[in-house]
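Subject: Structure handover

Hello,

Here is the structure for you to look at.

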Amino acid sequence: MPSASRSVSRHAATQGVPSIITALTHSQIVQLSFYLCGMKLDILAIGVHPDDVELGCSGVLINEIKLGKKAGILDLTQGELGTRGTIETRYAEAAAAAKIIGVQVRENLKMRDGFFKNDEAHQLQLIRAIRKYRPDVVIGNVLDDRHPDHGRAGHMIADACFLSGLAKIETVGEDGKAQEKWRPKMILHYLQDWYHEPDILIDISDVFEQRMESIKAYGTQFHTSQAGEEGPQTYISTPDFLDAVIARARMLGKRIGVKYAEGFITEKKIGIRSLDALVLVET
Ligand SMILES: [Zn+2]
């Protein structure tokens, strides 16, 4: 195509579009449309502590975002009982990790770390968030783990996802209007400290380095080259912990013939559209 007509068609394509829009990058336009068209997400990843999502399912989030899905992260607590770092440093780290993963939004429900209950008040708080973001898939904490918060949150997430679909549970959104009922189609629970036999393994080999960068964004929590005066050594701050995170992904990957994978538990049966989804590499 001659350059003159190319510039004419480019002009035609942007005719009538305010210049401020044409000056935005692709990711800024995606972000803007998210806010203008309501906050519908494809995937909502939920973690009781900031860093749970990064450790549990950031690989899958990065993969799906690269495929064009809209994803967000919901932290239930501010992780204020963590031995190292402060609420402020954890917010800064969570924001940095969210940027690395590429999520549209990250919100914190500010429940009490260690002491929140899976009761009506907390479920309603979570239902409001689920109805706000209307995700098709929710990925949340595991149902039983070393840290009691993880299992309690996992059950609360499953309960709230179900209850959110009941029309007679009335909730009001941030705009003061009644929210529509919403039930996610699928809930996956990512693996955390204890090993549970996963129901589904997802290949994250292509995004493994980016996944590890999102985990290392929590410089006060995990062993990184920048770590310094964040506080006493903990279960998760030694180099051994990150080694174990890598080993887990490597072990799960080996089970499906790829280098790295993340594992998930689901209480519902998984339905697929094509046998292509089953065959990764001959093992
Ligand atoms: Zn945690």
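Start in the sheet: the bridge partner of Ala45 in β4 is Ile139. Ile139 also stands opposite Leu188 in β5. Before going on, please note that this is a predicted model, in which local features need pLDDT of at least 70, side-chain atom pairs count only at pLDDT 80 or more, and totals for chains, interfaces and linings use all residues. Residues are numbered from 1 along each chain as its sequence is written.

**Overview**

The protein has nine helices and seven strands. Both are DSSP runs numbered from the N terminus: helices are H or I with at least four residues, strands are E with at least two. Of its 283 residues, 36% count as buried. Buried means that 20 or more other C-beta atoms lie within 10 Å of the residue's own; 12 or fewer is exposed, in between is partly exposed, and C-beta atoms are placed from the backbone. Take the contacts between residues at least 6 apart in sequence: 74% of them join residues at least 24 apart. A contact means C-beta atoms, placed from the backbone, within 7 Å.

**The sheet**

The seven strands form an open sheet with mixed pairing, in the order β3-β2-β1-β4-β5-β7-β6. Two strands pair if DSSP finds at least two bridges between them. β3 (105–111) and β6 (200–203) are at the edges with a single partner strand each, so one side of each has no neighbour in the sheet. From one strand to the next, the twist averages 25°.

β1 (residues 43–47) and β4 (residues 137–140) run parallel, joined by three bridges. Ile43 stands opposite Val137 in β4. β4 and β5 also run parallel, with four bridges.

Which helix lies across β1, β2, β4 and β5? That is α7 (residues 148–163), which runs at about 165° to β4. Helix α9 (residues 239–255) packs on the sheet too, touching β6 and β7 (261–265). The direction of α9 makes about 80° with that of β7. For these angles, axes are lines fitted to C-alpha atoms (for helices over the stretch in contact), and values run from 0 to 180 degrees between N-to-C directions.

**α4 against α8**

The axes of α4 (residues 52–66) and α8 (residues 208–216) come within 9 Å and cross at roughly 140°. The two helices are therefore oblique to each other. The cut-offs: under 35 degrees is roughly parallel, over 145 roughly antiparallel, 65 to 115 roughly perpendicular, and the rest oblique.

Glu54, Leu55, Ser58, Gly59 and Ile62 in α4 meet Phe208, Gln210, Arg211, Ser214 and Ile215 in α8. By type, the residues of this contact are four nonpolar, four polar and two charged. Nonpolar covers Ala, Val, Leu, Ile, Met, Phe, Trp, Tyr, Cys and Pro; charged covers Asp, Glu, Lys and Arg; the others, Gly among them, are polar.

Within α8, Phe208, Arg211, Ser214 and Lys216 are buried. Their cover includes α4, α5 and α9.

**Gly82**

Gly82 is found in the loop between β2 and α5 (87–101). Is Gly82 buried or exposed? Gly82 counts as buried, because it has 23 C-beta neighbours inside 10 Å. Leaving out residues up to four places away in sequence, Gly82 touches Arg90 and Gln221. Gly114 is 32 residues from Gly82 along the chain, and their C-alpha atoms are separated by 9.9 Å.

Best wishes

Note on methods: Two residues are in contact if their C-beta atoms, placed from the backbone, lie within 7 Å.
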